[in-house]
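This report covers the aromatic ring contacts and the charges placed over rings.

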Amino acid sequence: MGYAPKAYTSYMVIMYKKQLTVQRILCLAAIIVSAIVFIYALGIMTDLYDALYDTMRNPSDVFQTDVSGSIVYYNMQEFNKVFLNYSIVLLVLGALLFITNTHSRRRYYIGNYCAIGLFAAASVYLAVFAHSYIEIFKGQFLQIDFAALKEHADMWGTLYTESTFWFDVHYFVFALLLIVAVLLVVNAVWKFRLMKEEEQLLEEGRRVLE
């Protein structure tokens, strides 16, 4: 960059500094939001377990229940296992951003673009997958006989809830995830453009010396 006009060189330095700051923040945000998704996957069935598990008194036949509709607890279990596994994969892909030094590299290489692409693709897939199932199970939850659930809770001292909080909060969780994923892609495009500008600047400097 010694061949470049001084003003333009200073501009490139400033832009690279800004971009490096942004990419560090975004890679850290990717890890944080992945951890939030993991924690959400762990907690999504907490209230269902506390409120509904005890209503099914025959483990060999989950359709025998004191509360109509409580089968949603069992219906969600397989989804929850898959969701939890996917959230672990997302955490690994978030860590991959740091393993490939995507958070600190001044210039990106193919590995950095792959790490960003994998994280973004996994984020979109997980958000769509989880949203579709969570909405289905929320509908099943709302079909519970809450009067019977209240009577059961009063009799046995178990949790009574009509709250859909754990279902509804997924909008916030996955909105955060998708925002970070989109910003990582935007940041990669910004980085690519800066690198192209730098290459053009160096090429122009070489032509001047020829």
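By the pairing rule used here, the count comes to 21 aromatic pairs. Rings of Phe, Tyr and Trp (its six-membered ring) pair if their centres lie within 6.5 Å; planes under 30 degrees apart count as stacked, over 60 as edge-to-face and the rest as tilted. The model is predicted, so local features need pLDDT of at least 70 and side-chain atom pairs count only at pLDDT 80 or more, while totals for chains, interfaces and linings use all residues. Residues are numbered from 1 along each chain as its sequence is written, and side-chain values use heavy atoms, with hydrogens and water left out.

| Pair | Geometry | Centre to centre | Angle between planes |
|---|---|---|---|
| Tyr 40 and Phe 174 | edge-to-face | 6.4 Å | 80° |
| Phe 79 and Phe 83 | stacked | 5.5 Å | 20° |

Tyr 40 in helix α1 (residues 6-43) and Phe 174 in helix α7 (residues 170-209) are 134 residues apart, and their pair links distant parts of the chain. Helices (H or I, at least four residues) are DSSP runs, numbered from the N terminus. Tyr 40 is buried at 3% relative accessible area, and Phe 174 is buried at 4%; buried means under 20% relative accessible area (1.4 Å probe, protein chains only).

Phe 79 and Phe 83 are 4 residues apart in helix α3 (residues 72-99), so about one helical turn separates them. Both are buried.

A charge sits over a ring if NZ of Lys or CZ of Arg is within 6 Å of the ring centre and within 35 degrees of the ring normal. The charged end of Lys 191 lies over the ring of Tyr 108, 4.9 Å from its centre.

Technical notes:
Helices (H or I, at least four residues) and strands (E, at least two) are DSSP runs, numbered from the N terminus. Buried means under 20% relative accessible area, exposed over 50%, partly exposed in between (1.4 Å probe, protein chains only).
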